[in-house]
Amino acid sequence: MSDPITSLPSEDAEEPQEVSFALAGHPDLDHFTGMSYEMPPDLEGFFALYARPHLRYAHSMLGDKQAAKAVVRRCFSHLALNWRNVLKEESPEAYAWKLLKQRVETHLRLSGQPAQSQMVQSAAFQHTARATLEAMRCKFAVMESALGLYTAIAGLPERQYDVIVLHYVLGYTSPRIAHIMGIKPDTVRSHRRLARQRIAIKLGLSIDPAADEKE
């Protein structure tokens with residue numbers, strides 16, 4: 001009997017079809033539509049752990065929940081169609097996170113929206129900036145221009161930016177972020193500390209060096 005995942009057509013085929021994930025308890029993603037597919041238990045567990053944070057991150061980046069749902073549907077369709085190979089990756093979590101980031105960036109590009117470094121005027125980005133500043137225990141009133149803060153956050157290295165969003169905006173702990181991104185908790189804390197330092201230096205702000213250790 002052929003493997004139920006690898007025997008399905010590739011997502012990049014001429015006529016891509018979405019996998020149907022008939023799972024209860026995941027209303028944020030609704031039900032996928034398309035061909036029938038029985039999810040393996042390990043993929044079902046992966047879905048339960050990571051679909052919601054992936055959706056929340058995509059929503060924060062795109063500012064459109066329906067678009068975020070579409071992106072995450074495509075990501076998990078790809079994972080299902082290639083699950084056996086995904087399990088061979090050093091970190092399936094890191095692979096899925098990279099896939100999500102690529103799909104979000106592709107959606108932004110195809111929809112004509114600006115890249116990360118230029119997203120400083122979006123409502124989602126403004127929320128990110130304000131949450132970050134508040135978490136750094138700095139008063140927004142000290143800023144002469146909010147644009148300076150947005151630019152400072154947008155200019156962060158990719159992983160530092162992701163940690164800032166996942167921690168300060170979406171509220172995930174370092175261990176949870178580590179699972180979502182497929183990296184170590186110490187690496188998450190290091191990215192967060194370096195991001196705070198970069199922002200503070202660019203804006204001429206002082207931050208409590210011990211504050212990060214409390215979070």
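This is a predicted model: local features need pLDDT of at least 70, side-chain atom pairs count only at pLDDT 80 or more; totals for chains, interfaces and linings use all residues.
Five aromatic pairs were found in a search of the whole structure. In one of them, Phe46 and Trp83 adopt an edge-to-face arrangement, with 5.3 Å centre to centre and 65° between the planes. This pair links distant parts of the chain, as Phe46 belongs to helix α1 (residues 41-62) and Trp83 to helix α3 (residues 83-86), 37 residues apart. Both Phe46 and Trp83 are buried. A further edge-to-face pair is formed by Phe47 and Phe76, for which the values are 5.1 Å centre to centre and 75° between the planes. Here too distant parts of the chain are linked: Phe47 is in helix α1 and Phe76 in helix α2 (residues 65-81), 29 residues apart. Phe47 and Phe76 are both buried. Together with Tyr50, the residues Phe46, Phe47, Phe76 and Trp83 form one aromatic cluster.

Three salt bridges are present in the structure. Glu158 and Lys101 are joined through their side chains at 2.7 Å, N to O. Glu158 is located in helix α7 (residues 158-169) and Lys101 in helix α4, so this pair ties together parts that are 57 residues apart in sequence. Glu158 is partly exposed, with a relative accessible area of 44%, whereas Lys101 counts as buried at 6% relative accessibility. Lys101 also forms a salt bridge with Asp162, in which the closest N and O atoms are 2.7 Å apart. Because Lys101 lies in helix α4 and Asp162 in helix α7, parts that are 61 residues apart in sequence are tied together by the pair. Asp162, like Lys101, is buried.

Arg189 and Asp186 form a salt bridge whose closest N and O atoms are 2.5 Å apart. Both residues lie in helix α9, three residues apart, about one turn of the helix. Arg189 counts as partly exposed at 28% relative accessibility, and Asp186 counts as exposed at 55%. Salt bridges with shared partners join Lys101, Glu158 and Asp162 into one network.

Helix α9 (residues 185-203) also contains His191, which counts as buried at 16% relative accessibility. Beyond its neighbours within four places in sequence, His191 is in contact with Arg159, Gln160, Val163 and Ile183.

The axes of helix α4 (residues 92-110) and helix α8 (residues 174-181) come within 6 Å and cross at roughly 75°; α4 is therefore roughly perpendicular to α8. Glu93, Ala94 and Trp97 of α4 make the contact with His179, Ile180 and Met181 of α8. By class, this contact has four nonpolar, one polar and one charged residues.

Key
Residues are numbered from 1 along each chain as its sequence is written. Side-chain values use heavy atoms; hydrogens and water are left out. Axes are lines fitted to C-alpha atoms, for helices over the stretch in contact, and angles run from 0 to 180 degrees between N-to-C directions. Helices (H or I, at least four residues) and strands (E, at least two) are DSSP runs, numbered from the N terminus. Angles under 35 degrees count as roughly parallel, over 145 as roughly antiparallel, 65 to 115 as roughly perpendicular and the rest as oblique. Contact means heavy atoms within 4.5 Å. Ala, Val, Leu, Ile, Met, Phe, Trp, Tyr, Cys and Pro count as nonpolar, Asp, Glu, Lys and Arg as charged, and the others, Gly among them, as polar. Buried means under 20% relative accessible area, exposed over 50%, partly exposed in between (1.4 Å probe, protein chains only). Rings of Phe, Tyr and Trp (its six-membered ring) pair if their centres lie within 6.5 Å; planes under 30 degrees apart count as stacked, over 60 as edge-to-face and the rest as tilted. A salt bridge is a side-chain nitrogen of Lys or Arg within 4 Å of a carboxyl oxygen of Asp or Glu.
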